[in-house]
Amino acid sequence: MRESILVVGGAGYIGSHVAKLLHKQGHEPVILDNLSTGHRQAAGSFAFHEGDYGDAPFVEKVLKSHKISTVMHFGSKALVGESVGDPLLYYGANTGDTIKLLNAMLSAGVKNFIFSSTCATFGVPETVPIHEQVEQKPINPYGQSKLFVEKILIDAKAAYGLNYGVLRYFNAAGCDPEGQLGEDHRPESHLIPRVLAVALGRDRKLLINGNDYETTDGSCIRDYVHVNDLAVAHIKTMELMLAKKLSFDFNLGSERGHSVFEVVKAVEKVTGKAIKQEIGPRRPGDPPVLVADSSKARESLKWQCTFDLEAIVRTAYEWMQKHPGGYGE
C-alpha cells in the first residue's frame with residue numbers, strides 16, 4: 001500500500017537515503033528539514049518543507065496537508081563531544097523538540113512513528129554483542145537524550161495508542177551505491193570519511209582519539225552498517241508496524257566489530273594510499289567496544305546487512321571522489 005511519509009531530517013545523511021528508498025518502493029516521502037546540518041540538494045525533487053520539527057503548529061500543518069500516515073524522525077543532533085560540552089542543547093533539541101513533534105502528530109491524528117535512536121543509549125554495555133535486553137546506561141547527554149525519547153514513546157503508546165518503531169543503529173557508514181547521495185557533515189566526526197579525506201589529500205593526517213583502550217589493538221571498536229541497509233530496516237519496520245499495529249525496537253548493526261586501525265587498513269586497501277596518523281587523547285563519552293546483536297531484526301524483519309566493511313568504504317570513496325566539495329559541487 002502506498003504511504004505518505006514525513007521524513008524529518010530528510011535532507012540529512014541517513015534521512016535522505018531512506019527517502020530515496022521509500023520512493024523506489026512506491027511510497028511518497030515528504031521532507032521536513034531546517035537545513036542546519038542537512039543539504040537541500042539531498043532532498044532531490046521530493047516535496048520539501050524548511051522548518052523546525054519543534055515548531056508544532058508548522059509540523060501539524062504539513063502533516064495534514066500531505067495526509068501523512070507515518071513520521072520517520074532523523075532530525076536529532078548527534079555529536080557525542082558536543083553533547084558533553086552543551087548538554088542543554090541536546091536535551092532541548094533531541095528530547096524537548098521531539099515531544100513537540102509527537103504533540104503535533106497527535107493533534108493531526110497521526111499515530112505511527114519511526115524513531116532514529118542509537119547504540120549510545122547502552123553506554124559501556126555489560127554484554128557484547130549488544131541485544132535489546134542489555135541494560136541502557138548512557139554515559140553522555142547524546143545517548144541520554146535519545147533514551148528519554150524511547151521511554152516517552154512507551155508511555156505515549158499506553159496513553160494515546162501511538163505505534164512506534166525504535167531503531168538503534170550502530171555506526172552508519174557508506175554512501176548511495178548509485179552515487180546520488182553521500183555523507184557531508186560539517187564538521188565531519190565519522191571515522192570513514194575522515195580517513196578518506198586523508199587518502200584524498202584533503203586532510204594532512206588522521207587524528208586517532210586514543211590507543212589505550214582495553215581492546216585488541218588499543219583503539220575503539222565499532223560496528224559499521226551501510227546506510228542503505230539501515231534504510232531497508234526502516235521500511236521493513238514501518239511495514240511490520242502498520243500491518244501488526246504493534247510497536248518494536250531493534251538494534252541494527254553488522255554484528256562484526258572493527259577497530260579504528262582496521263578501518264584505516266581497509267581505506268588503504270581500497271584507495272591504495274598510505275594514511276598518515278597521529279595519536280591524540282580520548283574523546284569524552286567514547287565507550288571502548290560497541291557491537292550489535294541484530295538477531296531480533298534478522299528474525300522479525302527478515303533483515304540482514306549486505307555490505308561488508310570494504311564495500312562500505314568503497315561506496316564512500318566513490319562518492320567523495322565525485323563530490324570534492326560535498327553537496328557544494
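## Two helices side by side

Helix 4 and helix 5 pack at an angle of about 20 degrees, and their axes lie 9 Å apart. Because angles under 35 degrees count as roughly parallel, helix 4 is described as roughly parallel to helix 5. Their crossing is right-handed. Keep in mind as you look around that this is a predicted model.

Which residues of helix 4 and helix 5 meet? On the side of helix 4 they are Pro 87, Tyr 90, Tyr 91, Asn 94, Thr 95, Thr 98, Ile 99, Leu 102 and Leu 106. Helix 5 brings Pro 141, Tyr 142, Gln 144, Ser 145, Phe 148, Val 149, Ile 152, Leu 153 and Tyr 160 to the contact. Sorted by class, the contact of helix 4 with helix 5 has 13 nonpolar and 5 polar residues, with no charged residues.

The crossing of helix 2 and helix 4 is right-handed.

In helix 2, the residues that take part are Ala 56, Val 59, Glu 60, Leu 63 and Lys 64. They meet Lys 100, Leu 101, Ala 104, Met 105, Ser 107 and Ala 108 in helix 4. By class, this contact of helix 2 with helix 4 has 7 nonpolar, 1 polar and 3 charged residues.

## Helix 1 and its cover

Helix 1 covers residues 13–24, which is 12 residues. From its first C-alpha to its last it reaches 17 Å, close to the 16 Å expected at 1.5 Å a residue. Is helix 1 mostly covered or mostly open? It is mostly covered, with 10 of its 12 residues buried. Those buried residues are Tyr 13, Ile 14, Gly 15, Ser 16, His 17, Val 18, Ala 19, Lys 20, Leu 21 and Leu 22.

Just after helix 1 comes Gly 26, with a positive phi of about 95 degrees.

## Helix 8 and its neighbours

Helix 8 (residues 260–271) has 12 residues. Its span from first C-alpha to last is 17 Å, close to the expected 16 Å. Its buried residues include Val 260, Phe 261, Val 263, Val 264, Ala 266, Val 267, Val 270 and Thr 271.

What do the buried residues of helix 8 pack against? Their partners are helix 6 (191–199), strand 8 (206–209), strand 9 (221–226), strand 11 (257–259), strand 12 (277–280) and helix 10 (309–322). Helix 8 is followed by Gly 272, whose phi is positive, near 75 degrees.

Most residues other than glycine have a negative phi, and most peptide bonds are trans. A cis peptide bond joins Val 128 and Pro 129, with omega at about 5 degrees. Pro 129 lies in the loop between strand 5 (112–118) and helix 5 (141–160). The bond from Arg 186 to Pro 187 is cis too, with omega near 5 degrees, and Pro 187 sits in the loop between strand 7 and helix 6.

Leu 35 is not a glycine, yet its phi is positive, near 60 degrees. You will find Leu 35 in the loop between strand 2 and strand 3 (47–50). With a relative accessible area of 25%, Leu 35 is partly exposed. Lys 302 also has a positive phi, of about 55 degrees, without being a glycine. Lys 302 belongs to the loop between helix 9 and helix 10. Is Lys 302 buried or exposed? It is exposed, because its relative accessible area is 65% and the cut-off for exposed is over 50%.

## A visit to Lys 296

Lys 296 is in helix 9 (residues 295–301). At 24% relative accessibility, Lys 296 counts as partly exposed. Leaving aside residues up to four places away in sequence, Lys 296 touches Glu 132, Asp 249, Phe 250 and Leu 301. Lys 296 and Phe 46 are 250 residues apart along the chain, and their C-alpha atoms are separated by 32 Å.

Conventions: Residues are numbered from 1 along each chain as its sequence is written. This is a predicted model: local features need pLDDT of at least 70, side-chain atom pairs count only at pLDDT 80 or more; totals for chains, interfaces and linings use all residues. Side-chain values use heavy atoms; hydrogens and water are left out. Helices (H or I, at least four residues) and strands (E, at least two) are DSSP runs, numbered from the N terminus. The expected span of a helix is 1.5 Å times one less than its number of residues. Buried means under 20% relative accessible area, exposed over 50%, partly exposed in between (1.4 Å probe, protein chains only). A crossing is left-handed if the near helix is turned anticlockwise from the far one by less than a right angle, and right-handed if clockwise. Contact means heavy atoms within 4.5 Å. Ala, Val, Leu, Ile, Met, Phe, Trp, Tyr, Cys and Pro count as nonpolar, Asp, Glu, Lys and Arg as charged, and the others, Gly among them, as polar. Axes are lines fitted to C-alpha atoms, for helices over the stretch in contact, and angles run from 0 to 180 degrees between N-to-C directions. Angles under 35 degrees count as roughly parallel, over 145 as roughly antiparallel, 65 to 115 as roughly perpendicular and the rest as oblique.
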